[in-house]
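Thank you all for making time this morning.

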Amino acid sequence: MAAIEINLANPHLWILSFPPEFDVATYTAMVEESIRLNPDRIPYGVIMDMRFCGSGGMSTKARQEAANVMKQHDDWFSELIVCSVRVTPNPILRGALTVYDWISPSSWPRKAASSGEVAEAWARSRLAVAGIRCAPEQVWRESSEFSVAPSSQSKQG
């Protein structure tokens, strides 16, 4: 199973690229890698590239397990994540994510977007509101397929 790729070329605006299928172990590895990659505790926004994920996603039990992983690290993420936005052209998945955000609020603003450009603009606006200066270079790169790079080989600037 492919890993969730972490790209933090811009330390204030990370991109997490989700493979078409992933499990709780893959998700847990990504959470742990996110913590390891930010020892200086730099606040950041997250763009989640979910373009290749299906609307079925993980089972209810798996989603609950993934939520528990986040709860275990809630203090860390609540302190550092300024916002998160999920990119998917799938309107059903965007709707499900919007409903999830409504019934399970987080410490930071979340949104679902149809394109990476919209997602990056929104994340940058949230970082600006938080007073965080973000390098102007665009971080979103449009690709037509998921690249299979393990998170242990995360891309840094």
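I will call a residue buried when its relative accessible area is under 20%, exposed when it is over 50%, and partly exposed in between, with a 1.4 Å probe and protein chains only. By that rule Phe18 is buried, because its relative accessibility is 2%.

Please keep in mind that this is a predicted model, in which local features need pLDDT of at least 70 and side-chain atom pairs count only at pLDDT 80 or more, while totals for chains, interfaces and linings use all residues. Residues are numbered from 1 along each chain as its sequence is written, and side-chain values use heavy atoms, with hydrogens and water left out.

Let me stay with the rings. Rings of Phe, Tyr and Trp (for Trp, the six-membered ring) are taken as a pair if their centres lie within 6.5 Å, and planes under 30 degrees apart count as stacked, over 60 as edge-to-face and the rest as tilted. The count by this rule is 3 aromatic pairs. One of them joins Phe18 and Phe22 in a tilted arrangement, with 5.2 Å from centre to centre and 55 degrees between the planes. Another is Trp76 with Phe77, which is edge-to-face because the planes stand at 85 degrees, the centres being 5.0 Å apart; both Trp76 and Phe77 are buried.

Helices (H or I, at least four residues) and strands (E, at least two) are DSSP runs, numbered from the N terminus. Phe22 sits in the loop between strand E2 (13–17) and H1, and with a relative accessible area of 17% Phe22 is buried. Its C-alpha atom is separated by 7.9 Å from that of Ile4, which is 18 residues away along the chain.

Next, the hairpin. Two strands pair if DSSP finds at least two bridges between them, and E1 and E2 do so in the antiparallel sense over 4 bridges, with a hairpin of 2 residues joining E1 to E2. Asn10 has Leu13 in E2 as its bridge partner.

Which loop holds His12? His12 lies in the loop between strand E1 (5–10) and E2, and His12 is buried at 19%. Leaving aside residues up to four places away in sequence, His12 has contacts (heavy atoms within 4.5 Å) with residues including Ile42, Pro43, Leu127 and Cys134.

Finally, Arg41 belongs to the loop between helix H1 (24–36) and strand E3 (44–49), and at 36% relative accessibility Arg41 is partly exposed. Most residues other than glycine have a negative phi, whereas the phi of Arg41 is positive, near 55 degrees.
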